[in-house]
Every structure is written in structure tokens, then in C-alpha cells.
Amino acid sequence: MFPIEKYHYASSVIDAVQALAADEKARVIAGGTDVLVRLHGGNSDYASLVDVNGLHELKEIRQDGEGNIFIGALATCTEIIEHELIQKHTPMIVQSLGTIGGPQVRNCATMGGNICNGAVSADSACAALIYEFDLLIEGVKGERIESINGFHTGPGRTLLQQGDILKAFRIRPPNYKGVLASYQKYAMRGAMDIATIGCGVGLTMDDERISTLKLAFTVAAPTPIRCSNAEKAVANRAVTEETLELLTEALVDDVRPRESWRAGKEFRLHIIKTLARKGLRQAAEMQEELT
Amino acid sequence: MAVGQSHIRKDVRAKVTGKTRYTDDFSMPGMLQAKYVRSPVAHALVKSIDTSAALAISGVEAVFTHADVPKNVYPTAGHPFSLDPDHQDVADRLLLTDHVRFHGDEVAIVVARDLLTAAKAAQLVKVEYEELPVCVNSAAAMAEGAPAIHDGGNIIKSTSFETGGTFSDAEKKAVTVVEGSFSTPIILHCHLENHTAYAYMDDNDHLVIVSSTQIPHICRRIVGQALDMPWPKIRVIKPYIGGGFGNKQDVVLEPMVAFLTTKLGGLPVKLELEREEGLVATRTRHSQTVTVRAGVSRDGTLKFLDLNVISNTGAYASHGHSIPMAAGSKSCNLYPKAVTRFSATTHYANIPAAGAMRAYGSPQLFFGLESVIEEVAREIGMDSVDFRIKNSARAGDILAKTGDLKHSVAMIECLEKGRELISWDSRKKQYADQQGPLLRGLGVASFSYGSGTYPACVEIAGCRLVLNQDGTIHMQIGATEIGQGSDTALAQMAAETLGVEYQAIHVVSEQDTDVTPFDPGAYASRQTYVTAPAVQQAAEKLKKRILGHCQLMTGEDPGNLDLQLGKIIQRGSPEKVVVDLTELALDSYYHKERGGQITAEVSAKTCTNAPSYGCTFVDLEVDVEMCTVSIHEIINVHDAGKIIHPLSAEGQVHGGMAMGIGMALFEELLVDPESGWIFNGNLLDYKIPTSVDIPELKSAFVDTFDPTSPYGNKSLGEPPAISQGPAIRNAIWDATGVKINEIPMTPKVLFKHFKDAGLI
């Protein structure tokens, strides 16, 4: 039993937008794997709900003629993981979503919810940053598109305004074609856990040299982040021990791990560096195998 | 032969098809729901409580505070009553308190028509607190001038004993002495079924309580003490239960639901804890500091063990000082040739109350003991398995607790078997010189345990057998089935002795203190060991009566008859069926002149305590950079006497091993030492391992026959969870050269130690 005080079952995206705009306390409920946990914990901020589960158009996963991939905000983790398009073009999404919760959670949870709740630890956030998701949002003033870069504004905070609904993610071809991307989740147990540190690596190589490195982290700063210093430091270099050293040195300026009872700052920083080295080394090895 | 075979468990079909009914599956018309108001601070006095806003909500029936509850302090530990006042449990609880002792303590309770209303009203009860200084850990709680958590101060008891000889003489004979200090965290039981209970009045003065408890008969007594009622006026019913691991070997909700129904005109009132409440506001495993000193002579003989335990029992005593003392006395069975000096101190602190948990203090003690044993062996250059074999108990050794010489002892065989199964010798060589961030290591640790609580407590068990009209038998036992499989094992024993098929025995699993034979309950790995004599004697008795009725029917001398597989035969000639049991049963009930209902009932006390033994062998890999441990192979080898049900035994061992691995590598309840605030009282932040974190678990048994049990069996419920911690710790040391004297050995802890050792 949950202390739900107000409940609206949205009949269309516009209806959902209006219902949300009309009640400043209203929250979207999709898979419910975050919202119901908070309600169970007695958080009255979630007592007024707009249920979007009837909006089947938000479940769609497709590719358009230009090669853009669209993932509906309401597609569950399992649906995305099992989709051929995603497996073929953006396997890092499959890998990342596979680390969320357990099978039952993944059957309910959506990637839309994972990104929109603004969690610093969101397992899909590294993939979103590496593949540079665009977010198709419907709001009171109509449709708009936001980039994932800058979408997260703080712990639990995003650019979304009251009345906004995420409809779909868009991934453009330059951001996934030829990109060797992978995710490492470092957590205290192998399932049903939030990341202590999450690390995403996206690599394109030009012969033996790094053409572009995209390095993303969760729980390494107040929002999921890309590491611009580290990325620049290793551009156009071969993946050598020296490059890995440069990577971790530069990385220190990109991250701001916090000290908490869950894990100490020094420990987090050690893991951040270890994952970055390991991620780049493994990506380079995989690249070598492919060529 | 019914004993020794993996028959279909009595409870399994109903459980896997969802037909089993647990406490929460029962409901009564008009049943009310109760919800506690819990303290948000760890140590405080309640200055005032305003219940008006809560009472104003529609559907709220009543709100009670400390001012409303009886002023009898009562104990909660699930021990049988002791005739010796000095051995009785500490009585330090009231139903509700005005002196808050931990974050989550119970200051008021709301009763409403449903749970949501009760929860909402509970949030509206306004409590004014005067905060007191907080002490969380042992040093703070035992410091001079520490704030007193109970009248009389924070130290509950400090005791010691020596056994096996004169300690000072043994100390002189040791040439190498090693000492270490070890710490263990607060661990939670995490049984599947949360605590839940309801109560109603049957008539004007009889109370009925239905509860998920391991100890129905003890529960009856404690509710009587808490409410100052004669014990027989209280009836406790235990349906099937979804696990307890010792957390339900304590009386937690029952006195409250009993109190509430008496206040509300006998209406049924139910309390069901949410998971998060259940984690912090029931009982925990004691956090302990274990100091061990061990000395060996030149030839590698262990001369003495000096063990000291400081045990933090938290806000209320619960099982309190019994925990370290029980572990101490059971540990003496492992190396009986060494002189042991054991001392322990138990104290209060502003953390959740610790009580009984599977293996009852032994995992903590053996973490220290078997780590130091490893260190002594290495210090004198002896292989650690060889060292254990040289010093372990053998058949005929004097066992400290009861002085008995006649038990089965196969500790050495367990070590030999484990060594072979894990290819100890060849892998030791293979892992001798390693480099790089991935390091393999081997570890071993032994344990000893008891079978029950004798001579510390009474060991009493009961069995009643009734021959039904169709020749089947209804069996009632005092033993409490809590998922461990006691119904099945005891049915096997009855079938074996009686001479009927296992399927012919129906166990009445529900416990009802008004009708079931007396037995204090499921704890101390006692049920099959102490119930075996009652079952055996009852079955013999019933058989004798059946053969006696056969004589009435046929005139045959019972001395020439036997019962085999449900048929009365001529002794020595199984093919000569005199009468079928079905026919005999009908005759006994319905013949107009002869016989009567054939029953047998026995209550038996056990005055022995068979030691059980075993060990864990582990092969693991440490990723130094990632600060992680992955177990490649882990094996538990047990001497539990005769194995009654091989498949259940294996399951019991697997469950225990998973729990032991959780304790070694994952689990700890974290409490802020400054405020007493509990950080991780939920299953996301309390890292009980999941199925993907537990490696393949292997078990093996050295079958022995303990002569003190009619069926040769010894304990197996708790022993599987004892030795993983030290075995894993020893293997990490073997792999990395780093000794970690604290659990859980999580990545955070490994990081700290690897950094200190210069590995990263």
C-alpha cells in the first residue's frame, strides 16, 4: 500500500503535459521503480502522480532514413536490451541497462526514468553522454530538443520544467558509428545495487592513434560528467602506459568525488583512475582485435 | 530405511505451489492494524507526547504511549525459563519507553482500521525529546563517565573460565606466541518473512496470539511476564514461517499485540513490520572485538589459547552475555588438548539491540581464533592444514562442556577431505610465486559447535503419535519447523523406528501451545538432536501398543510380532503378514468391545551435547587494483554425525555458506558514531549478497554416528555459517601478504589495507 493522494492516468502526451502543468506537486510515474520506492519511504513529494503508462507511442524503438536511432522514453530496460537495433548499433546501452537492478526491475524500469530522475549514479547516463543523446521533450510551449550535455544540473536535478515530458531519445549516426563504447559499473555487489562509480569509454581510433576518446563518469561529481581534460590529454596518442598515465593525471581536474558514508573520496578517486585506465586499455585491445 | 534418504520434504509441495499459509495470510473480521511511532534520535528522554492530531484522523482507534503500558520490565531472549535466578535473562524492556536508547526505539503506538491510516497517524504523533549524549561503540560505551543507557550502567556482565588444565603452566610451555585483535560488524538476519503477529481474546480471559516465531512456548511465558498474566491463559499459534535465523528466537511483537487486544475489548490487532523497521528494530548479530593469544611448543603443539571477547549488545540486553559465553564454551571442543582461558564482557550501547543469530557468537569468535591459528602455523613454518590436524580434537578427547568421552569426532577427517577436494598441496605450490595485480590464494578455517544448549539450559522435547483410522500416523512435535526441515527429519525417524513408510507419517506442522507437546523451540541447532529421543521413544511405545492390539485381534504373542512397512508380520518372517495396519487401525477405533484409539506421547530431556565439526576451504583471486575478491572455489566439509536427509543437509550447508560469505565480504550495518544515526537500514544500502555474488557452493560430509543420539545425528543448522570469514581472510593473506583483521572485507576495507601495505 502506498500513500498516493492524487492520480491521473494520461490519455495523450498533451494530456500528461497539461496534468503536470496544472499541479506543481504532480510527478510522472512510468515504471515506478524510483517513485514507488520513495513513496514507500514516506516521501510526500510523490503523492500526486501522472501515470504515462497508457502512452504507447512513447514505447517505440526505431531508426529513421538518416540513420538516427530513436528510443521511446517509456521503453523498458528489457525491451531496449532485447532490441536488435540497439544491440547492433549501440551495444553500450545494452551493457549499461543490464547492470540496473535485477531482471524484475529491468522489466518495469525505463531508460527515460533513469535519465530524467537526475540520479548522479544513473547507469544509462554514461551511455547517454558517450552517444551524445538528444532528448525530445514535450512541454507547455510545445516540442523542443535538449542535448544530454548539460541536461543534468545537480543531484536529482535536470533541465526539465514542471509540465515537461520526455518523449524519446535520439542518437545521431556520427555519435555511434565507428565508436567502440563500453561501460564499467563498480558497485558493492553484482546486482540490485547503485554504482559506487560508473565509467563509460567511447573510442575511435585512427590507425594506432586515438582519434577521439569520450570518457564519462557517474558518481564522480554532482552530476554525470564527461572528462574534457582527460579526453584532450590523450588525443592523437597511441595507447601506451605513458598515455594511460597522462589520462589519469588529467582526469583529476575533471572529477569531484565526494566523501560520504558510502565511500571515501580517496577510495573513489582510486577507483575512478583504475576504471579509466582499464576502460581505455580494454577498448584499445578490442579495437586491435577488430582491425 | 527412512533415515538417510532424501525423501520429498513434508512442506515442499505446498511451499512451491504457493499454498502454504503464513501469519500474514490469515485475517479476521474487524482486524485492526497497529503502527509504532519510532524515535528519530538515538538517545533521549521523552518530555511530552501530543496524540491529538493522530487521534483526529478518521479510522484511528487509539494511540498508546509509555504512560499507558504496564510497568513490568520483561526479558525478551528466547531461552527456556531458568530455575536459577542468576541464570535468568536480563529483564530490561517495557512495551513502550520514555527513555529512547537507539535510533528507531518505540515511544508510542497507533491502532487504526488499516495500515495506511495507522502510518499516517503515526507521523502526526508529536514527541518532544530531550537528547542525551550518545555512545555507539565499545570504547565509548565502556568509558568512565559514559552516559548510562540503563540504570546500573552500561556493562551487563563480565565473566571468564579456564578449561583443559592450568593456564599459567601451559603458558610457560609455549615458545612461540602470537596475538591478534579482530573486529566484526553489526550483521542483520534478512529473513524473507518480516516480523508479523496478531492477537485477539478468545473469551474474557484467554488470549490468542498468532505469530511468526521460532519459540511459541517461550513466547507464551514471556507474554505472561510482560502482561502479568498466568501463562496458560495465553495461547500462541505458529503457522508456517518464512525464516528467522535467530531473529525470531526473541519475543518482539507478541507482548504488544497481546496488550493492544486487551485494551481494545478483545478485537484482533495486527502488527506487521515493514522491511526497513524489521532491519533495525528487531535484533541484530553482535558486533564484537575478539582478542586471541595462542602459544605453541617447539614441536608445533598448541599449548594455550587465550580468548577475550567484548560484545556490544546495543540498546537492550536480549540474549546479551549468553552470546559470547556460548561461543566460548563451544569453541573449546576444537583444540581440547590446549588449555583455554576465555573471558567476555557484554555492554549496552545506543545501537539496535543484538540478539540471537545463526551460530550465536561463533562466527565472530572463530574469525579471531582461526586467523590466529593460521598465523601461529605460519610463524613456526608449518603447513596450516597440517598444524590444524596435529592439534584438532580426536575421538576420546575430553570435551569441556559435559566431560563426555563417547562422542563421534571427525575433525581431522574433515580437514583431510577438504584438503584433497581443493587440491591444497598442488595449488599451494602453484600459487607460491605470483606477481601482478591478480593474485590467487588458498585459505582454510575450522570450527566446532554444539548440538543444543545443555548444560547451560534445559533440553526438553516432546512427541505425540496417533494411529489414524487408515493406518497412517499423525505426528505432533514440540520442535518448530522454521524452514530448516525438522518436520521431515523427525518424520523419517518416526517411520524408521515404527516400521511404516515415510509417507504414512503426517506431521502437524502448526504449533499451538494449547495442544502441541512442550518444547522451547528452534534454536541452537538442537531440534533434530534433542527431539530424536522423544520421537524414538514415542515410536517404540506406539509400536508396542499396535502389537498389543494385534494380540487382542489374533491372540498372537506380541513378542513374536513386528511392524514392517505398515504390516504386522511374524518376527523374522516378513512374508508372513499377520494383519495389515489399516485393518488393525479400523478395528482399534470401531470394534465395540476391544481396544481404543492408539496413541503414544513422550516428553524427553537430553543431558548430552554432541560436538559437531567442520571446516571451510577456499581458493580465491584478489584484484589488487580494483580492491575486489572473487571466490573461485569454496568447500565446506562437515562432521554432523549421521546425515538424516542428504539433500536437505546440502541445502542447509549452502545457505549457511552464503550467509558466511555475506558476513565475510559484504554485510555491515553502519551507525554514525557521533549521533547513533543508522545510515543503511534498508536492503539497497545494506549489501546482503545477491545470487550473482555467491559462487558455486560445494559441500561434503564425513559420516559418523554419534552414540548419544538414537539416530547418530548431530547439529547442522548453524555450523555451516561459521568458518567462511577466517578462511577467506586467510586466503586473502595468502594471496597478497596482507592480513585483514576486520570484516566485512569490502572493497573499501581492502583499499585501506592495500594502501597501507604499499600495494596500491
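Two residues are in contact if their C-beta atoms, placed from the backbone, lie within 7 Å. By that rule, B:Ile209 touches B:Ala197, B:Ala199, B:Val223, B:Ile234, B:Val236, B:Glu254, B:Val257 and B:Ala258, leaving aside neighbours within four places in sequence. This is a predicted model, in which local features need pLDDT of at least 70 and side-chain atom pairs count only at pLDDT 80 or more, while totals for chains, interfaces and linings use all residues. Residues are numbered from 1 along each chain as its sequence is written, and chains are lettered from A and ligands numbered from 1 in the order in which they are written.

**The core**

- The largest nonpolar core holds 317 residues. Such a core is a set of buried Ala, Val, Leu, Ile, Met, Phe, Trp, Tyr and Cys residues joined through C-beta atoms within 7 Å.
- Buried means that 20 or more other C-beta atoms lie within 10 Å of a residue's own.
- B:Val110, B:Ile209, B:Val257 and B:Ala494 touch the most other members of the core.
- Helix H15 (residues 527-554) of chain B gives the largest share, 11 residues. Helices (H or I, at least four residues) and strands (E, at least two) are DSSP runs, numbered from the N terminus.

**Helix H3 of chain B**

- H3 spans residues 115-124, and its buried residues are B:Thr117, B:Ala118, B:Ala121 and B:Ala122.
- They sit on the same side of H3(B) because they cover an arc of only 135 degrees around the axis. The arc is that of the directions from the helix axis to the C-beta atoms.
- These residues pack against strand S1 (32-38), helix H2 (52-55), strand S3 (60-65) and strand S5 (106-112) of chain B.

**Where the chains meet**

**B:Val444**

- B:Val444 lies in strand S16 (residues 438-449) of chain B.
- B:Val444 counts as buried because it has 29 C-beta neighbours inside 10 Å.
- Beyond four places in sequence, its contacts include B:Ser384, B:Cys615, B:Phe617 and B:Asn730.
- B:Trp424 is 20 residues away from B:Val444 in sequence and 9.7 Å away in space, C-alpha to C-alpha.

Terms used: Buried ≥ 20, exposed ≤ 12 C-beta atoms within 10 Å, placed from the backbone.
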